[in-house]
Amino acid sequence: DGLRRHVELRLHWLNALPASRWFAVFGTIALVAVIGYFSQKAVSEIDSDPGSDFAYIFLSFLIIAWVQFSWTLKRLFSSRFFAFLGKISFGVYISHFPFILSASAGFYLLVEPSLGHLATAFLTAILTIGAVIGLGSVFYAIADKPSVPFSKWVASSLKALWHLANSPRKN
């Protein structure tokens, strides 16, 4: 498997852990238990608890460890769909908030009186997700993709100027 070989070549410390699958299994169990514990606590205002910051940090660590030691999740996150989401992520980041504040909010306010909250919220979510993925794709095609050759040209030009400025001068 190409992904497994790629990861094994890059993560030598992981190869030293022969029980990594067991770590993933027990980590998953711990993750589910901790999420369940803090979910119950969230009902009674987890944010008022000074230990809640630690809880979020600990949960983040468990999720990262779970992904790190799970070949199935690594394979899933390296699929074409997630690679596509990675490519458009900056465009999604740039466009989602203005779209939600304008078109999504406007759509919800326009449609909610006739369909009710639940149906309108569902339709608004579908509209928003589709539109933001579309906007992210357009942003990728127009800005991200063309900027790579441009940034390489800028970098090579600056490198050439630096070499020119620092080369020994002949009198």
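These are my notebook entries on a predicted model of one protein chain.

**Ground rules.** I number residues from 1 along each chain as its sequence is written. Local features need pLDDT of at least 70, side-chain atom pairs count only at pLDDT 80 or more, totals for chains, interfaces and linings use all residues, and side-chain values use heavy atoms, with hydrogens and water left out.

**Overall make-up.** I looked up the secondary structure and found 7 helices and 0 strands. Helices here are DSSP runs of H or I with at least four residues, strands are runs of E with at least two, and both are numbered from the N terminus. The order from the N terminus reads α-α-α-α-α-α-α.

I then checked burial. Of the 171 residues in the chain, 18% are buried. Buried means under 20% relative accessible area, exposed means over 50%, and partly exposed lies in between (1.4 Å probe, protein chains only).

Next came the surface. The accessible surface is about 12,700 Å², and 73% of it belongs to carbon and sulfur atoms. Areas come from the Shrake-Rupley method with a 1.4 Å probe; for residues, only the protein chains shown count as cover.

I also looked at contacts (heavy atoms within 4.5 Å). Among contacts with a separation of 6 or more, 67% join residues 24 or more positions apart.

**Helix 7.** Where does helix 7 bend? I found a bend of about 45° at Tyr140. The bend is the angle between axes fitted to the seven residues ending at a residue and the seven starting there.

Which residues of helix 7 are buried? My list reads Thr120, Thr124, Thr128, Val132, Gly136 and Asp144. The buried residues of this helix pack against helix 6. An α-helix has 3.6 residues a turn, so residues three or four places apart point the same way.

I picked out Ser137, also in helix 7. Ser137 is partly exposed at 24% relative accessibility. Beyond its neighbours within four places in sequence, Ser137 contacts Phe84 and Ile88. Its C-alpha atom is 8.2 Å from that of Lys87, 50 residues apart along the chain.

**Aromatic pairs.** How many aromatic pairs does the structure hold? I noted 5. Rings of Phe, Tyr and Trp (its six-membered ring) pair if their centres lie within 6.5 Å; planes under 30 degrees apart are stacked, over 60 edge-to-face, and the rest tilted.

I took Phe90 and Phe139 as my example. Their ring centres are 5.6 Å apart and their planes stand at 50°, so the pair is tilted. Phe90 lies in helix 6 (residues 80-115) and Phe139 in helix 7 (residues 117-166), so the pair ties together parts 49 residues apart in sequence. Phe90 is partly exposed at 41% relative accessible area. Phe139 is partly exposed too, at 26%.

Elsewhere, ring pairs link Phe77, Phe81 and Phe82 into a cluster.

**A nonpolar patch.** Leu115, Phe122, Leu123 and Ile126 form a nonpolar surface patch with about 390 Å² of accessible area together. Patches take residues with over 30% relative accessible area and no salt bridge; like charges are joined within 9 Å, nonpolar side chains (Val, Leu, Ile, Met, Phe, Trp, Tyr) within 5 Å. A salt bridge is a side-chain nitrogen of Lys or Arg within 4 Å of a carboxyl oxygen of Asp or Glu. Helix 7 gives the largest share of the patch, 3 residues. I checked Leu123, which lies in helix 7. Leu123 is partly exposed, with a relative accessible area of 37%.
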